[in-house]
Amino acid sequence: MTETSGPTSVLIPGRHPGLYIGGDWVTPKARRKDLDIVDPATGGVFTTVESAGEEDCAALVDAAESARRSWAEMPPRARGEILRTAWQLMIAESERFAELIVRENGKAWGEAVAEVAYAAEFFRWFAEEAVRCEGDMRRSPSGTNWIMVTREAIGVALLITPWNYPAAMATRKIAPALAAGCPVILKPAAETPLTAIALVELLARAGVPDGVVNLITTDRAGEVVRTLLSDPRVRALSFTGSTEVGRILLAEAARNIVKCSMELGGNAPFLVMADADLEDAVEGFMLAKLRNGGSACTAANRVFVHSSLAGDFTEMVVERMKGMRVGPGLDRANELGALVSEPEIDKIRGLVAGAERAGGQVATGGLSLGRPGYFFEPTLITNVPVDAEILDVEIFGPVAPVVTFDDVESAIRWANDSQSGLIAYAYTRDLSLGMELSRRLEAGMVALNRGVISDPAAPFGGIKHSGLGREGSGEGIHEFLETKYTAIPF
Ligand code: NAP
């Protein structure tokens with residue numbers, strides 16, 4: 001392996017290494033075109049990252065595999081202390097990470113700062129969980145033996161992350177994997193590798209031994225991931241991204257019976273019931289829709305408002321949306337940043353046009369900003385028919401279609417009429433109706449009178465086509481553990 005210099009500052013213009021194997025930044029074996037990293041606020045390339053390929057995969061798995069046993073056998077407290085140091089470093093370097101995220105992802109400054117805090121919290125949370133891998137010991141019903149149940153690290157884990165939360169989606173996987181005792185290979189999205197590079201470098205400073213965290217950046221995601229999954233030493237796959245890619249990876253993982261955790265696409269309904277506190281509902285909606293510029297799997301995409309409140313709801317949301325400052329994230333006063341790329345803008349433009357053709361009316365927004373970069377106005381579309389195409393696709397931008405309803409049964413039926421089942425939001429002042437909605441809404445998570453639900457201490461994940469498994473909470477670590485039963489004579 002040829003060593004190159006480490007990424008002293010990933011914001012320095014120029015070329016950055018993107019292959020980290022066994023504690024060294026190394027040059028990819030084959031010369032490939034670099035990844036161009038585009039600033040979504042300008043549309044211009046501001047730096048490049050080396051792109052590795054299939055021929056580098058064996059070395060990645062070799063490094064992770066050679067660190068596997070010693071990392072798994074390290075005392076849980078020691079692993080926890082390293083994670084806690086990572087949390088401290090990340091909080092101390094919050095501004096640096098926020099700047100990286102803004103530059104490569106385009107989000108607003110406040111969103112980036114919030115992401116760093118959220119991302120760092122996974123290190124602290126799993127530092128605490130590392131020492132709580134409980135087992136079980138009991139006498140068998142027959143009385144002849146003990147049933148001893150222990151948890152063991154599953155082995156090398158492949159972690160694949162999307163561009164919308166470049167830090168948090170990585171730490172939500174790295175932290176539990178490391179807490180469980182697993183070495184990892186991280187493959188970030190091609191649009192946002194810089195934050196991942198900085199995270200890997202931070203983890204080394206926190207004391208993670210060589211080989212425990214490895215990284216590959218590539219413009220050949222399909223080939224690289226297929227090659228890694230064909231190596232029988234890779235035992236776990238944790239993927240966050242689209243349902244479409246998740247489906248491909250589940251099939252590829254099946255060959256070696258790799259344990260899969262899938263955090264896939266969402267299409268969240270947002271229900272405002274007749275008795276809702278309207279001000280609360282509008283406040284919650286603004287968060288649920290526009291957090292992360294709408295580029296969130298948790299984003300409220302299908303808004304169902306009781307007809308008695310629809311007029312006031314629209315008026316209040318329009319006023320809030322019109323008052324938002326849209327522009328580059330590095331200007332800290334801007335509340336809504338850019339979308340990640342030109343194709344995302346094109347997709348959103350098409351969805352708005354389709355909703356209008358279906359009979360919807362644009363109450364505010366509807367246009368991209370007349371300036372360089374990938375900016376789109378916060379947009380509310382009213383009177384959208386319930387069968388409009390925009391309700392069937394994950395919007396992933398600052399656009400919300402509103403459908404009105406007259407009875408609770410229709411609202412629940414329409415909310416559940418989706419293959420996605422990640423999260424559902426509902427506003428009501430009636431506790432028993434709230435409990436009924438919690439029970440009947442088909443989603444892995446229900447936000448009742450809340451616009452934000454993500455919390456490292458809570459189980460995050462979806463049902464139906466939104467995924468398999470849970471991240472965060474006490475459950476997240478189990479994605480990286482195997483259960484072992486040992487029978488011992490009584
Ligand atoms: P994506 O296109 O599925 O990409 C996600 C990751 O998979 C990227 O690293 C990508 O690499 C890689 N990838 C793409 N094609 C692949 C293939 N054939 N084989 C192996 N890897 C492949 O998703 P995205 O557009 O980045 O992210 C948006 C999606 O993520 C949305 O659907 C959103 O809902 C979902 N998401 C879900 C959650 C959750 O917790 N449920 C959280 C955040 C986002 P390249 O970038 O190199 O193509």
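Two strands are taken to pair if DSSP finds at least two bridges between them. Strands (E, at least two residues) and helices (H or I, at least four) are DSSP runs, numbered from the N terminus. The structure is a predicted model, in which local features need pLDDT of at least 70, side-chain atom pairs count only at pLDDT 80 or more, and totals for chains, interfaces and linings use all residues. Residues are numbered from 1 along each chain as its sequence is written, and side-chain values use heavy atoms, without hydrogens or water.

Three strands form an open antiparallel sheet in the order 6-7-23. Strand 6 (136–139) and strand 23 (481–489) are the edges; each has a single partner strand, so one side of each lacks a neighbour in the sheet. Strands 6 and 7 (residues 145–153) pair over four bridges. Met-137 stands opposite Met-148 in strand 7.

Buried means under 20% relative accessible area, exposed over 50%, partly exposed in between (1.4 Å probe, protein chains only).

In helix 7 (residues 221–229), Val-224, Val-225, Leu-228 and Leu-229 are buried. Seen down the helix axis, the buried residues fall within an arc of 125° (directions from the axis to the C-beta atoms), so they line one face of helix 7.
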